[in-house]
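This report goes through selected contacts, strand pairings and backbone angles of one protein model. Please keep the coordinates open while reading.

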Amino acid sequence: PSPGASNSLGDNKALVIDGIVPTISSVSSSTNNGTYKIGNTIAINVTFSELVNVVTTNGSPRIKLETGSTDQYAAYFSGSGSTILTFSYTVQSGDASSDLDYQSTSALELNSGTIKDGAGNSATLTLVNPGTSNSLGVNKSIVIDGVIPTVTFSPTNNATGVQLNSNITLTFSEAVRKTDDSALS
């Protein structure tokens with residue numbers, strides 16, 4: 001029979017062929033641009049070319065972020081059944097970045113989870129190059145400051161022979177401000 005006619009394959013079966021694999025088109029964040037400190041949470045949004053489903057039965061996808069000497073992960077948080085998956089990263093002590101981005105094009109890891117489209121095609125997990133168009137670092141200006149300032153006293157603690165009218169000098173490892181955000185003088 002002719003295609004679509006009575007007794008044809010199209011008439012007898014409702015087959016859908018989907019050989020299109022979901023790909024990543026951009027990475028951004030719903031978190032405002034600004035500086036974030038220890039304990040603050042940053043949302044990382046990964047946009048796919050089509051709806052994707054996440055299964056976390058055996059593990060959860062994650063993205064490795066460039067956060068200084070010890071890189072941290074943003075763990076899958078939400079978005080299954082949509083084109084945007086949200087990952088969550090909490091700033092840890094020692095984390096530092098002047099413009100938060102992921103580590104590499106392969107920074108999105110399944111971690112024993114899955115990301116697939118409705119037809120069961122596994123998503124291509126290649127991210128756009130960090131620092132280029134549609135990357136987190138270009139789309140957002142998020143500064144991470146998880147480095148706690150240190151202070152050095154002069155004269156040192158328990159120093160002896162210090163004159164009563166001597167100056168005491170406090171030297172901080174970085175610029176500091178008062179708790180009311182005014183300049184420290």
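Leaving aside its neighbours within four places in sequence, which residues is Tyr102 in contact with?

## Basis

The model is predicted; local features need pLDDT of at least 70, side-chain atom pairs count only at pLDDT 80 or more, and totals for chains, interfaces and linings use all residues. Residues are numbered from 1 along each chain as its sequence is written, and side-chain values use heavy atoms, with hydrogens and water left out.

## Tyr102 and its surroundings

With neighbours within four places in sequence set aside, Tyr102 is in contact with Val27, Ile63, Lys64, Leu65, Glu66, Ala107, Leu127, Val128, Asn129, Pro130, Ser135 and Leu136. Contact here means heavy atoms within 4.5 Å. Tyr102 belongs to strand S8 (residues 101-102). Strands (E, at least two residues) and helices (H or I, at least four) are DSSP runs, numbered from the N terminus.

The relative accessible area of Tyr102 is 2%, so the residue is buried. The classes are buried for under 20% relative accessible area, exposed for over 50%, and partly exposed in between (1.4 Å probe, protein chains only). The side chain of Tyr102 reaches the backbone oxygen of Val128 at 2.7 Å. Leu127, another of the contacts, is 25 residues from Tyr102 in sequence, with a C-alpha to C-alpha distance of 8.9 Å.

## Asn45

Asn45 is part of strand S3 (residues 41-55). At a relative accessible area of 13%, Asn45 is buried. The side chain of Asn45 makes a polar contact with that of Thr86 at 3.1 Å. A polar contact is a pair of N or O atoms within 3.5 Å; within protein, one must be able to donate a hydrogen and the other to accept it, and residues adjacent in sequence count only if both atoms are side-chain atoms.

Apart from neighbours within four places in sequence, the contacts of Asn45 are Ser26, Val27, Ser28, Ser29, Ser30, Ile84, Leu85 and Thr86.

## The sheet S2-S11-S7

An open sheet of 3 strands has the order S2-S11-S7, with mixed pairing. S2 and S7 are the edge strands with a single partner strand each, so one side of each has no neighbour in the sheet. Strands of a sheet pair through backbone hydrogen bonds, in either the parallel or the antiparallel sense. Two strands are taken as paired if DSSP finds at least two bridges between them.

Strand S2 (residues 34-37) pairs with S11 in the parallel sense over 4 bridges, and Lys37 has Asp145 as its bridge partner in S11. Strand S7 (residues 96-97) is joined to S11 by 2 bridges and runs antiparallel to it; here Ser97 stands opposite Ile144. Strand S11 (residues 142-145) has a covered face with Ile142 and Ile144, and an uncovered face with Val143 and Asp145.

## Charged and aromatic side chains

The structure has 1 salt bridge, defined as a side-chain nitrogen of Lys or Arg within 4 Å of a carboxyl oxygen of Asp or Glu. The salt bridge is between the side chains of Glu109 and Arg62 (3.0 Å, N to O). Its members are 47 residues apart, with Glu109 in strand S9 (residues 108-109) and Arg62 in strand S4 (residues 62-66). Glu109 is partly exposed at 24% relative accessibility, and Arg62 is partly exposed at 25%. The charged end of Arg62 also sits over the ring of Tyr73, 3.8 Å from the ring centre; the rule requires NZ of Lys or CZ of Arg within 6 Å of the ring centre and within 35 degrees of the ring normal.

Rings of Phe, Tyr and Trp (its six-membered ring) pair if their centres lie within 6.5 Å; planes under 30 degrees apart count as stacked, over 60 as edge-to-face and the rest as tilted. This rule gives 1 aromatic pair. Tyr76 and Phe87 form the pair, edge-to-face, at 6.0 Å centre to centre and 75 degrees between the planes. Tyr76 lies in strand S5 (residues 72-78) and Phe87 in strand S6 (residues 82-90), 11 residues apart. Both Tyr76 and Phe87 are buried.

## Backbone exceptions

Most residues other than glycine have a negative phi, and most peptide bonds are trans. Asn111 has a positive phi, near 55 degrees, and Ser112 has a positive phi of about 70 degrees. Asn111 is partly exposed at 34% relative accessibility, whereas Ser112 is exposed at 52%.

The peptide bond between Ser154 and Pro155 is cis, with omega about 5 degrees. Pro155 lies in the loop between strand S12 (151-154) and strand S13 (169-172).
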